[in-house]
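Subject: Structure handover

Hello,

Here is the structure I said I would pass on. My notes follow below it.

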Amino acid sequence: MQTLIINIKQLLQVRESGISKVSGAEMAVLPHIENAFLLIKDDKISAYGKMEDCPKETNCTVIDASGKIVLPSFCDSHTHIVYAGNRSGEFVDRINGLSYEEIAARGGGILNSAKKLNETSEEEIYEQSKKRLEEVMLQGTGAVEIKSGYGLTVEGELKMLRVIKRLKENYPIAIKATFLGAHAFPKEYKENHEAYIDLICNDMLPKIAKENLADYIDAFLETGYFSVAETIKIMEAGKKYGLKPKIHVNQFTAIGGIKACVNQSALSVDHLELVTDEDIEALQDSDCMPVALPSCSYFISIPYTPARQLLNAGLPLALASDFNPGTSPTGNMHFVVATACIKMKMTPEEAISAATINGAYAMGLNDTHGSITVGKKANFIITKPLHSFYEIPYCFATNLIDSVWVNGE
Ligand code: NIG
Ligand code: FE
């Protein structure tokens with residue numbers, strides 16, 4: 001099956017194959033073609049170029065995209081879309097003056113979601129989660145990472161990861177699963193961290209590996225959650241089962257976690273609302289992708305990741321939604337891109353690269369996703385008619401999507 005899309009006003013993020021991620025300096029430019037065509041064969045991109053070079057293919061469906069922009073689908077490398085219920089009560093508590101940390105200290109936060117998850121059947125969690133996945137697909141997400149971490153019990157974590165596995169099997173977009181047993185210490189382990197870490201390493205991990213339920217391992221490296229030393233133990237245990245680390249770090253405090261993650265060959269370090277010179281130095285010349293989550297900063301009113309500081313130091317940066325019930329109850333990557341421009345002073349060029357090619361890298365999908373490249377999956381968005389891609393972040397709350405394509409359909 002072949003589809004030819006013609007008269008594309010701007011075809012964004014066109015890249016030769018073999019480019020896995022783009023650094024701060026490279027992100028300033030978004031390679032694109034004005035007045036372009038795009039040829040799709042089965043589920044892959046088979047050619048693209050300027051309209052004057054458009055092949056005279058017969059035997060294919062032709063779509064006229066006059067005035068419209070085509071960009072690769074968003075690659076959302078950090079979400080928690082598998083959860084039960086919601087936390088709108090805590091949302092109102094915050095409006096009334098409590099902070100995220102104060103709510104967590106009262107037994108709310110992650111432990112609140114864990115209680116709900118353990119009380120809900122796998123079937124019901126699947127039903128709730130698939131609605132969120134369908135929602136983000138319609139918003140242009142073409143690849144997504146999903147974490148466990150609201151079980152915090154052997155059965156609860158397995159239940160979440162089995163739901164992710166079912167989503168992988170039943171939906172056409174690429175899904176990566178991350179085991180986040182180290183999201184918080186359950187109440188009964190508050191005074192006995194070692195026992196919970198033991199449970200993660202010696203009980204949960206072997207079971208998860210046996211069922212092949214996870215691609216990555218994560219931990220919440222933060223004051224009051226998992227210390228640097230505890231997170232190192234978790235990362236080392238995960239690696240024994242082939243799970244590379246992707247770590248929540250520097251959300252509220254900077255305690256040397258980023259350096260530890262880089263030393264452990266983490267694929268990404270996520271949040272980074274606080275960044276020190278030592279953190280930047282640790283990331284320099286590493287393969288570790290920093291990931292910013294602006295809708296989390298927006299929603300719980302905490303600082304935004306200092307994107308300019310990272311980019312000006314030459315580091316790459318990815319953007320993700322952090323879709324979760326506590327700190328970002330949306331997975332709308334258009335909003336994420338816009339917020340990165342408006343609040344973090346990223347340019348549209350930088351933000352689009354951060355949400356596509358660098359997002360793909362941050363979940364190990366850079367060979368197949370994240371750019372308009374011959375041989376990559378035909379996953380892209382066709383926008384409504386626009387004058388320029390600058391209007392994507394500019395129209396921050398308008399639905400600009402004409403159609404979303406997954407695997408050539
Ligand atoms: O990425 N910070 C840690 N984990 C999630 C929030 C979890 C929650 O509040 O449910 C995050 O923001
Ligand atoms: Fe998160």
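At what angle do helix α13 and helix α14 pack, and how far apart are their axes? This is a predicted model, and in it α13 (residues 333-344) and α14 (residues 348-355) pack at an angle of about 140 degrees, with 9 Å between their axes. An angle over 145 degrees would count as roughly antiparallel; α13 and α14 are therefore oblique to each other. The crossing of α13 past α14 is right-handed. On the α13 side the contact is made by M333, V336, V337, A340 and C341, and on the α14 side by P348, A351, I352, A354 and A355. By class, the residues of this contact are 10 nonpolar, with no polar and no charged ones.

Next, the annotations. An unreviewed UniProt entry lists residues 69-409 as "domain: Amidohydrolase-related". That span is 43% helix and 16% strand, and its end C-alpha atoms lie 17 Å apart.

The UniProt annotation "binding site", also from an unreviewed entry, covers H78, H80, H248 and D322. These residues are spread over 245 residues of sequence but cluster in space, with a largest C-alpha distance of 12.1 Å. H78 sits in the loop between β6 (74-76) and α2 (88-95).

Last, the ligand. The residues around ligand 1 are G109, I110, S113, F220, H248, Q251, C296, D322, N324, P325, G326 and T327. This shell has four nonpolar, seven polar and one charged residues.

Regards

Notes:
Residues numbered from 1 in each chain as written. Chains lettered and ligands numbered in written order. Predicted model: local features only at pLDDT ≥ 70, side-chain atom pairs only at ≥ 80, totals over all residues. Axes fitted to C-alpha atoms, helices over the stretch in contact; angles between N-to-C directions. Helix = DSSP H or I, 4+ residues; strand = E, 2+ residues; numbered from the N terminus. Parallel < 35°, antiparallel > 145°, perpendicular 65-115°, else oblique. Left-handed = near helix turned anticlockwise from the far one by under 90°. Contact = placed C-beta atoms within 7 Å. Nonpolar A, V, L, I, M, F, W, Y, C, P; charged D, E, K, R; others polar. UniProt positions renumbered as here; feature names shortened; annotations may be inferred. Near = placed C-beta within 6 Å.
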